[in-house]
Amino acid sequence: TLNKISSSKFDTPSKRDDFEDILEERRNSSDLRYALKCYTPVLYKGLTPCKVSELKQMVLQSDQLGYVITQVSKEKGMTTDEVTGDAAAILEEMAQRLQLSTVRFFAFTLSKVFKTLFRSICVNEEGLQRLQQAIHNHPVVLLPSHRSYMDFLLMSYILYTYDLALPVIAAGMDFMGMKVVGEMLRMSGAFFIRRSFGGDKLYWAVFSEYVKIMLKNGYAPVEFFLEGTRSRTAKSLTPKLGLLNIVMDPFLKGEVFDISLVPVSISYERTLEEALYARELLGVPKPKESTSGLFKARKILSEDYGSIHVYFGQPVSVRSLAESRVNRSQFNLIPRHIPTRPSEEILSFVNDSAYRLVRAQEENMVLKPWVLLAFVLLQKQAAEDKQGTALDEFTEQAVWLRDLSRHYGLSVLTRSAITPEEELLNQAVVILSCVSYRNQALNVFIRPALLASAIHTAASNRKQEIYNGFSFLRNMFSNEFILCPGATVQDFEEACYLLVKTGALQINQQEVLITERGHRTLAFLTSVLDPFLQGYQVVCRFLCEEDCLTEKQFIPAVRKFIIKHLLTGRLRYIEVLSSDLQKNALAALIRLGAVQKIKGYVGFTHLRVPCWFDRLSGYPTLTPMPFKSVVAHL
Amino acid sequence: MCHTFPALTSDRSSRICSLLYKHGSSMASNSSGSDSSDRQRIAQQRLSVIAGHLQRPVEGNSGILAAECKAQGDKLDVSSERRTVPRRRQEIMKWNGWGYSDSKFLYNKKGQAEFTGKRYRLSGMIIPGLREWMESTFGANLQHKTPAAPILNSSAVQPPTLNEAFLKELKSTGIPFSHDAEDRVFRSHGHCLHEIFALREGKIGRVPDLVVWPNCHNDVVKIVELACKHNVCLMPYGGGTSVSSALECPPEETRSIVSLDTSQMNRILWIDEKNLTAHVEAGIVGQDLERLLNESGYCTGHEPDSMEFSSLGGWVATRASGMKKNIYGNIEDLVVHIKMVTPQGVIEKSCQGPRMSTGPDVHHFIMGSEGTLGVVTEVTMKIRPMPEYQKYGSVVFPNFEMGVACLREVARQRCAPASIRLMDNEQFKFGHALKPQVSSIFTSFLDGLKKFYITKFKGFDPNRLCVATLLFEGDREKVLQHEKQVYDIAAKFGGLAAGEDNGQRGYMLTFVIAYLRDLGMDYYVIGESFETSVPWDRVLDICRNVKARIVRECKDKGVQFPPLSTCRVTQTYDAGACVYFYFAFNYRGLSDPVHVYEQVEHAAREEILANGGSLSHHHGVGKLRKEWMRETISSVGMGMLRSVKDYVDPNNIFGNRNLL
């Protein structure tokens, strides 16, 4: 019902390209003919065509890998042949086997599936034209946002539809567990990487060389997810740098003239995994990927998942990112095939670039009106003293929530015969699903919200004081939101600009003043950040009460703690139950030095929390806020 | 260069060659069986080969050039009296372009390109393909001309700032000098694009206030003493072929600037056949040095592309490199002894030992000092008997990557010929466009056949193939053996032998290419070449990236036509290679083409440095590349050079402000 509300204003701001629905044609013409259509994509101009097997040979014979093989064989006392064998095995396990026939199979079946699941799949054709140009000129890296397993199938499907070069995709090893499907994914271009291989030099060398060779030769666009894993909260995850580092390396070392990075924003009205995510965040373990699981999940085919918007962003040239930022001559003095740890300069460059790219993804997301409604609902829900009444209003307004919950076998609003904890968790599932809608729009409000909270807690109107507060909050939440490192001043100015523009603030040299009509906006914005503030506060509180615990114990223990306080009504926001928020809070506290991980064993202590109290008192505006208010709530 | 025909024997191809050229390697190959002890004969051969490149007018200019050094009448001058460079350069050379006044490219009334004069092989010939190449490569058009100012307007030259006391004492020494406007303008520039462009527009900036022509070492000593005494700025001037803004007068210089022209110090003072060395005055230009040594049956083998005009002193001052360095070495390998006059006195070593362990080699303070420390006056150089036999050659590769791999292998096996150069596809096409009109149907038929063989039968893509040119020197036996070895290596990389004449024309073009820029400038096309040296594993990457950077920068800077962006590998070393980039574009529609040109060249140099290339292989730093010196040699390195300068020349008498 809600998505019938005309949403064009939110969907397509004028600066963006128009969307075309690719399912429309599928509904009107033969899927089989589509799957068997003539496919002749534009390729990289410098391409030397090669087969999958030749690609593997190139990797195994590369100087880079050769060096590491010699090193490893010396360290382990093995012959180089043995190590080469190991490398070949790793490569075998990893490598994709892109086949047009499999792609055609997927094109056919996915057409059927997509038509059932989705009302429309909208893509910006201008973006695809830009992509085609980019593929012709330079090696291309595709960087889609990651909200669902659908993402990479969807990407390949779209590229096939538009006769563009099919990508090779870095996928997690967990897919390989799905026997037939794993192999099919492999044949549609996926290559599999282990989730963690920290110390394994050989694995790293094979992996990075494999990616680089495919990229440099223009074999195919390389696709991976900057966020590393699916975001369970629909809020962008802080980017992982490993793969980005690898794909930038050929440019930094002069092996290619340039590389185009193409951020792709995939916005789902509903992800297939929606409720799974919420449960996962609440501590129900995620089901292992398996083929039978996939079959069980086929009931989702009877659901309506609305539409998908896929926006191919402006290609970003690595060369222009690096311009006057990176001194490439730092690679002049060591042979380029010897693996070296990237310098601080490079790391911070890659990090900043990653943030810029995730921001670019966020900016081109398409929001549905109910995403905004979710804000209101959540805040309303939290503001009510008695949770019951809040939920009743809730259900009235959002019929769709019930359908959603039913799908997961939860009886959302029946209160009888369940314990208060169960009831709370059931409620929380709904809330977190709702949160994941709201979160999609969070990036739009985050900077103004930080400013609003800073103003709210500041003791005076002095601009400097408010800036200090802003900076503190921004720093605090930099694990939670995509806030480009070192851009505090720009963010502050942006937030000021936006609030002044909407008439909420007046700002002069010294002071920041709230206008008459600004109160409402500011109240809204302050409450945008409230659940997060409260979440972080409660994590602090929890850590103060605990002595020492291992990292593994942390989530269950903090969850228990929070449930206790929610039930006694001392905490307002049910969404603080989200383990994502709890982990981010912990990471932030570690980063800020308030909590310390002790090396040698898995565990941490918060011995230094008191010091952090002291440091906080250096922020006059904020000292009263985090702790006094925690106390007040508890 | 496109006509390639491996099936032909060298005899037949040299016959074709002799149809095309007045002098050719055919002479060398025909006479190769003769008695090698006949030195005079070989000298004749050798002369004819060199004359092939450099043929100078028979009448000569010896009348004007009587070289005399009153102070050194007793010194033995073993060489004859004919010299190329007169005191008044304007008598034979262009004032606003490259080389001899009588030699230039132009479009005749029929719209065909021709090269005038009599000095070069190409002289007097029609080059039918050039016009189309220029039109298609640059979008140039014969209707759109940008003619140069025809004559030097002396009134545009600012009057000289003369130091009267210096002048008075200088007069008393009897050393010739002049403050004539033409003389001064001639010595105010090298051959950078911006320098020539300004001259063509009749724009003249700061020029030297006085030109002096010392005749010998002692004259230089006197001049330097007077300059120190009267605080006059001295700028040594050799052949004037600098491409690093080294000869530009620093605009901030307020003292009187005296250009010290070494061109009249041009004698070979002695030849030592026991040690195979020659003691030569540093002002001698390359072609004279070779010609005079050849008369005695020797050569230095140092042949930079500028050897017609560049001087020995200039080579030393810039660390020059010659095309045949694989046999003879670069200037630092050739020099045995240097005498230089500095404000602190004369620096020279006490003996001529072939190698010394006496601390850092002071020669290395001198070589590459670019005129900032003093004037090189006399040099003892290694000489070699002239080679018995010379043979050109060429190889066509399917693509540039294969070509580079072949050169790398040749370097690995240390069997590089006297010269080996690899041109990329664009240069290959350019060379093709410069083929003179074929003189018979038979030749054009052969050309067609060769082209067919390479592209159709062998399957080479005409838009990817590239060519290496070769020059072998030495005993006939060894040359042939060597040749086989190199061709065998080339074959492993898909290379096909493509005949002697292709190779020879490649080297000939080296000498005329500088003239070609003047033609381009008549039709809105500006360009230049620049070089670097780079480790082997970086060669392909640097070539690709720098060429692409040039194209991108041109586009970004609003150049309306696609530029010519091309490169060649011109020297091989154990650990790397020297790479030359050529870059030119049509500047119609740009308001400040020189500025655009400079921005693009600057970006290209940044790209070179980012890709592991050096700041310069042999052109030097001058003022053009100064800004990158610190990052190139580190702050400590700069301090070392600075402290040498501070000691040797505390008052900055040699104030050209190059290098540091």
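Predicted model: local features only at pLDDT ≥ 70, side-chain atom pairs only at ≥ 80, totals over all residues.

Visitor: Is B:Tyr580 buried or exposed?
Guide: Leaving out residues up to four places away in sequence, B:Tyr580 touches B:Ser529, B:Phe530 and B:Glu531, together with B:Thr566, B:Cys567, B:Arg568 and B:Thr570, and also B:His618 and B:His619. Residues count as buried under 20% relative accessible area. Because the relative accessibility of B:Tyr580 is 7%, the residue is buried.

Visitor: Where in chain B does B:Thr116 lie, and which backbone oxygen does its side chain reach?
Guide: B:Thr116 sits in the loop between strand 2 (113-115) and strand 3 (125-127) of chain B, and with a relative accessible area of 17% this residue is buried. Apart from residues up to four places away in sequence, B:Thr116 touches B:Asp102, B:Ser103, B:Lys104, B:Leu106, B:Ser123 and B:Gly124. At 2.9 Å, the side chain of B:Thr116 reaches the backbone oxygen of B:Asp102.

Visitor: Which side chain makes a polar contact with the side chain of B:His364?
Guide: B:His364 is found in helix 13 of chain B (residues 363-366), and its relative accessible area of 40% makes this residue partly exposed. The polar contact, at 3.2 Å, is with the side chain of B:Arg319.

Visitor: What share of the residues in chain B is buried?
Guide: Chain B has 21 helices and 21 strands. Of its contacts with a separation of 6 or more, 78% are between residues 24 or more positions apart. Among the 660 residues of chain B, the buried share is 61%.

Visitor: What share of the residues in chain A is buried?
Guide: Chain A contains 28 helices and 14 strands. When contacts between residues at least 6 apart in sequence are considered, 78% of those in chain A join residues at least 24 apart. For the 634 residues of chain A, the buried share is 57%.

Visitor: Which backbone oxygen lies 2.7 Å from a polar atom of the side chain of A:Ser353?
Guide: A:Ser353 lies in helix 16 of chain A, residues 344-363, and is buried, with a relative accessible area of 2%. Beyond its neighbours within four places in sequence, A:Ser353 is in contact with A:Leu244, A:Met248 and A:Leu321. The backbone oxygen at 2.7 Å belongs to A:Phe349.

Visitor: Which residue with a positive phi follows helix 10 of chain A?
Guide: Helix 10 of chain A covers residues 179-187, and its buried residues include A:Val181, A:Gly182, A:Met184, A:Leu185 and A:Arg186. The residue that follows this helix has a phi near 110°, and is A:Gly189.

Visitor: Which three residues supply 42% of the area that chain B buries against chain A?
Guide: The contact involves 13 residues of chain B and 15 residues of chain A. The area buried between these chains is about 1100 Å², with carbon and sulfur atoms giving 33%. On the side of chain B, the three residues that supply more than any other three are B:Arg538, B:Arg552 and B:Ala610.

Visitor: Which helix gives the most residues to the side of chain B that touches chain A?
Guide: Between chain B and chain A there are five salt bridges, including one of A:Arg319 with B:Glu607, whose closest N and O atoms are 2.7 Å apart. Across this interface, 13 residue pairs are in polar contact. The elements that give two or more residues to chain B's side are helix 19 (539-556) and helix 20 (593-610) of chain B. With six residues, the one that gives the most is helix 19.

Visitor: How many charged residues does the side of chain B that touches chain A have?
Guide: Sorted by class, this side of chain B has three nonpolar residues and three polar ones. The charged residues there number seven.

Conventions: Residues numbered from 1 in each chain as written. Chains lettered and ligands numbered in written order. Heavy atoms only, no water. Contact = heavy atoms within 4.5 Å. Buried area = accessible area lost by both parts, 1.4 Å probe. Salt bridge = Lys/Arg side-chain N within 4 Å of Asp/Glu carboxyl O. Polar contact = N/O pair within 3.5 Å; in protein donor to acceptor, adjacent residues only side chain to side chain. Helix = DSSP H or I, 4+ residues; strand = E, 2+ residues; numbered from the N terminus. Nonpolar A, V, L, I, M, F, W, Y, C, P; charged D, E, K, R; others polar. Buried < 20%, exposed > 50% of the residue type's maximum accessible area, 1.4 Å probe, protein only.
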